[in-house]
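Please look over the chain shown below.

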Amino acid sequence: MVGEDSGSACAVFQLLSLPTAHSFHPIPHFPSPWRRVMMDIMKENTENTDSAKTPPEHGPHEDLRSPLAIGLAWSSTISGIALQAILPGLAGLWLDTKLGTVLLFFFLGLVLGMASAMMQLLKIVRKK
């Protein structure tokens, strides 16, 4: 009785154990005609997948990100340029109210902000 338990436990252990380098064979053991067919299919698959394994050639300017990532990058870039153009004008307006000047710093900040935003846009266009 003890021998039967250990034998069945050993058989279960052998079924559940991972294959080793010596016991693993990539082609299952089919009857001989099916084995030849499976070997032919596997040979065709390896011949066809050799070209699929090589990565496709990408151009230097091709963007491999998802469309969502590209859209988010462009929206953040445009938002940054808009803030770069507007914030100096708003800072100039605040400075005009504190100093009591008549929109002098507002226009100065607006011109400087628009110039810096235009330079940023030109840098983006030249990069693309």
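The protein chain has four helices and zero strands, where helices (H or I, at least four residues) and strands (E, at least two) are DSSP runs, numbered from the N terminus. This is a predicted model, in which local features need pLDDT of at least 70 and side-chain atom pairs count only at pLDDT 80 or more, while totals for chains, interfaces and linings use all residues. Residues are numbered from 1 along each chain as its sequence is written, and side-chain values use heavy atoms, with hydrogens and water left out.

**The chain as a whole**

- Along the sequence the pattern reads α-α-α-α.
- Of the 128 residues in the chain, 9% are buried (under 20% relative accessible area, with a 1.4 Å probe and protein chains only).
- Among contacts (heavy atoms within 4.5 Å) with a separation of 6 or more, 38% join residues 24 or more positions apart.

**Helix H3**

- H3 covers residues 67-99.
- The 33 residues of H3 should span 48 Å at 1.5 Å a residue, and the end C-alpha atoms are 48 Å apart, which agrees; the expected span is 1.5 Å times one less than the number of residues.
- At Ile-86 the helix H3 bends by about 25°, and Pro-88 follows within four residues; the bend is the angle between axes fitted to the seven residues ending there and the seven starting there.
- Ile-81, Ala-85, Gly-89, Gly-92 and Asp-96 are the buried residues of H3, and they pack against helix H4 (104-127).
- An α-helix has 3.6 residues a turn, so residues three or four places apart point the same way.
- After H3 comes Gly-100, with a positive phi near 80°.

**Gly-92**

- Gly-92, in H3, is buried because its relative accessible area is 6%.
- Beyond neighbours within four places in sequence, Gly-92 is in contact with Phe-105 and Phe-106.
- Leu-110 is 18 residues from Gly-92 in sequence, and their C-alpha atoms are 7.7 Å apart in space.

**Asp-96**

- Asp-96 is another residue of H3.
- Asp-96 is buried but has no salt bridge, and Lys-98, the nearest side chain of opposite charge, is 13 Å away; a salt bridge needs a side-chain nitrogen of Lys or Arg within 4 Å of a carboxyl oxygen of Asp or Glu.
- A polar atom of the Asp-96 side chain lies 2.9 Å from the backbone nitrogen of Phe-106.
- Not counting residues up to four places away in sequence, Asp-96 touches Thr-101, Leu-103, Leu-104, Phe-105 and Phe-106.

Notes. Buried means under 20% relative accessible area, exposed over 50%, partly exposed in between (1.4 Å probe, protein chains only). Lys and Arg count as positive and Asp and Glu as negative; His and the chain ends are not counted. A polar contact is a pair of N or O atoms within 3.5 Å; within protein, one must be able to donate a hydrogen and the other to accept it, and residues adjacent in sequence count only if both atoms are side-chain atoms.
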